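The sequence and the model should be kept in view while reading.

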Amino acid sequence: MRSIDLIQPRHSYASEQGEWHIYTNTSLWTIGAQLQQAGVEVSFHDENIAPAKIHSNIVGINLLWAPYIPVVIEKIKELRKTHGEELAVVLWWQVMTTKQGLTEPQFQKLFGKNVHNGMKPWVRSELLNLEKIQSEFHTSLIPVYENMSDELFAKYFSREISFFLSQWCAQGCSFCAAVKGTAEKYRDFEIIYQDLYYIAERLSKLSINHVSMYLTNLDVRQSPLLLNMFADTVQQVKNAFPQFTFKMRWLAGTAYFMKMHKNHPQVIRKMVDIGFDTAWYGVDGMGEEVWKWVKKPQNTEENTLGAIEISRKEYDITPELLMVFGHVWVDNKESLQRDLEFVKAMVHGYKAIPRPHIAKPFIPGNDWRHDKEFAQKIETLIKKPYLFQSLDFTALANKLTHGDQKFVDMVNKYYLEMCKIDGNTTIPIEPYEIGDDKKTLDIKKHNNEGKFDR
């Protein structure tokens with residue numbers, strides 16, 4: 001039987017010792033469950049809990065997104081020292097897809113020999129010797145859960161978990177690195193029911209009568225009929241465990257919320273009844289010229305204000321304001337000031353939660369990653385991969401990402417002001433910059449320790 005060790009790398013802002021930011025490794029668990037179902041012997045290692053102990057000649061590493069690239073590079077170097085060049089390393093997840101993320105030459109320059117892109121079919125068919133693999137939309141995570149001790153299961157599920165419900169988005173926001181322009185797809189509902197039932201049953205046996213979940217939908221309101229089916233599915237689990245409660249939050253578009261409020265208000269009420277209490281709205285600026293530039297014309301002032309007000313007043317849903325702003329080419333002092341005033345007004349009027357993020361113009365997967373203006377900067381990233389950390393959306397703007405120092409300072413000023421608003425949950429991160437010496441990088445690494453985004 002083929003075997004593989006799957007590694008969740010240590011959080012990029014964790015110290016070198018001890019347990020740190022523990023969170024459910026849903027994407028890695030899903031890959032592992034798919035491989036198990038196909039007959040591969042899988043061992044999981046979460047380095048936020050303990051260092052990995054490798055036993056196979058193939059290792060898979062979960063590369064969540066661009067800022068983790070330097071972490072993964074260092075992990076590969078470590079594996080090479082202890083297990084040699086013959087160890088095959090497979091990297092998984094979206095940042096590696098040719099269309100959405102790194103190109104093949106960039107991949108090879110960053111990660112070196114005998115490192116493979118797990119999103120390519122040949123890796124599964126030849127390296128892992130698999131004829132086929134079951135779709136993630138039809139894969140239960142129960143086999144993964146069953147291999148966890150009660151202590152480990154409680155460690156993961158007593159915190160907010162990530163629950164795989166759907167993927168993809170019909171919209172095409174230019175700054176977003178997700179798979180977009182594709183109709184949302186849900187997991188099989190029988191699988192969803194089985195996984196939720198297992199979670200509720202096992203937690204109940206451990207005297208934990210609740211679970212908090214962040215759902216993976218990129219815009220929860222895009223598929224109202226499927227969302228209604230999910231609400232019914234959760235209610236079935238609640239009926240089986242009357243003392244067990246769910247608490248849920250997820251991303252939502254303001255335009256789709258307004259459409260659902262008009263046409264399917266009963267679905268929203270169902271969601272509230274099963275535990276949905278927070279909507280993370282993609283506001284992303286406040287003005288038609290910005291929304292048009294970032295290919296988010298579905299956002300209008302009417303939709304944005306309406307979604308926030310109606311969420312709070314009619315459904316008692318807490319609106320979180322995901323404000324990705326500081327876009328090169330379009331943002332200026334007037335637009336940034338408007339963003340800040342809007343967030344303050346929504347916090348004051350509707351007890352909204354500020355969630356400011358700084359847009360990074362050329363992350364793998366967004367619309368500008370192949371723009372000629374950024375070609376030299378992207379080449380700099382490939383040559384100095386530690387700089388991928390500066391692409392973190394919670395990191396301050398810098399000259400690599402935002403060019404002109406005057407614009408950098410202006411974006412950071414408004415970002416930090418927004419982070420000071422009461423109720424804000426975003427923690428600003430110091431970016432690594434071109435020219436930072438080792439001493440400066442060490443200081444920044446120390447200063448960023450423990451600054452986890454949820």
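## Terms and model

Two residues or elements are in contact when heavy atoms lie within 4.5 Å. Helices and strands are runs assigned by DSSP and numbered from the N terminus. The model described here is predicted.

Strand β1 (residues 3–8) pairs with β2 in the parallel sense over six bridges, and Asp5 stands opposite Ser43 in β2.

Together, β3, helix α2 (residues 69–83) and β4 make a right-handed β-α-β unit.

How many of the five residues of β4 are buried? Five of the five are, so the strand is largely enclosed by the rest of the structure. In a regular strand, side chains alternate between the two faces of the sheet. In β4 both faces are covered: Ala88, Val90 and Trp92 are buried on one side, and Val89 and Leu91 are buried on the other.

In soluble globular proteins, nonpolar side chains tend to be buried together. The largest nonpolar core here holds 124 residues, and Leu91, Phe111 and Phe230 touch the most other members. A second, separate core has 15 residues, including Leu35, Ile58, Ala88 and Trp92.

## The six-stranded sheet

Six strands form an open sheet with parallel pairing, in the order β6-β9-β10-β11-β12-β13. Its edge strands are β6 (161–163) and β13 (353–358), each of which pairs on one side only. The twist from one strand to the next averages 25 degrees.

Strand β12 (residues 318–325) and β13 pair in the parallel sense over six bridges, and the bridge partner of Glu320 in β13 is Ile353. Helix α16 (residues 405–419) packs on the sheet and touches β12 and β13, its direction making about 160 degrees with that of β13. Helix α8 (residues 224–240) lies across β9 (210–215) and β10 (245–252), and runs at about 165 degrees to β10.

## His357 in strand β13

His357 is placed in strand β13. Is this residue, His357, buried or exposed? The cut-off for a buried residue is under 20% relative accessible area; at 6%, His357 therefore counts as buried. Leaving aside neighbours within four places in sequence, the contacts of His357 include Leu322, Met323, Val324 and Phe325. Others among them are Trp280, Phe393, Thr394, Tyr415, Thr426 and Asp453.

## Helix α12

The 15 residues of helix α12 (residues 301–315) should span 21 Å at 1.5 Å a residue, and the end C-alpha atoms are 20 Å apart, which agrees. The buried residues of α12 are Asn303, Thr304, Gly306, Ala307, Ile308, Ile310, Ser311, Arg312 and Tyr315. These buried residues pack against α9 (254–263), α10 (265–274), β11 (276–282), α11 (288–293), β12 and α13 (333–350).

## Residues with positive phi

Most residues other than glycine have a negative phi. Asp316, which follows α12, has a positive phi near 55 degrees. Ser207 is not a glycine, yet its phi is positive, at about 65 degrees. Ser207 lies in the loop between α7 (189–205) and β9, and at 63% relative accessibility it counts as exposed.

Lys295, also not a glycine, has a positive phi of about 60 degrees. Lys295 lies in the loop between α11 and α12, and with 46% relative accessibility it counts as partly exposed.

Note on methods. Residues are numbered from 1 along each chain as its sequence is written. This is a predicted model: local features need pLDDT of at least 70, side-chain atom pairs count only at pLDDT 80 or more; totals for chains, interfaces and linings use all residues. Side-chain values use heavy atoms; hydrogens and water are left out. Two strands pair if DSSP finds at least two bridges between them. Helices (H or I, at least four residues) and strands (E, at least two) are DSSP runs, numbered from the N terminus. Buried means under 20% relative accessible area, exposed over 50%, partly exposed in between (1.4 Å probe, protein chains only). A crossover is right-handed if, with the strands pointing away from the viewer, the path from the first strand over the helix to the second runs clockwise. A nonpolar core is a set of buried Ala, Val, Leu, Ile, Met, Phe, Trp, Tyr and Cys residues joined through side-chain atoms within 4.5 Å. Axes are lines fitted to C-alpha atoms, for helices over the stretch in contact, and angles run from 0 to 180 degrees between N-to-C directions. The expected span of a helix is 1.5 Å times one less than its number of residues.
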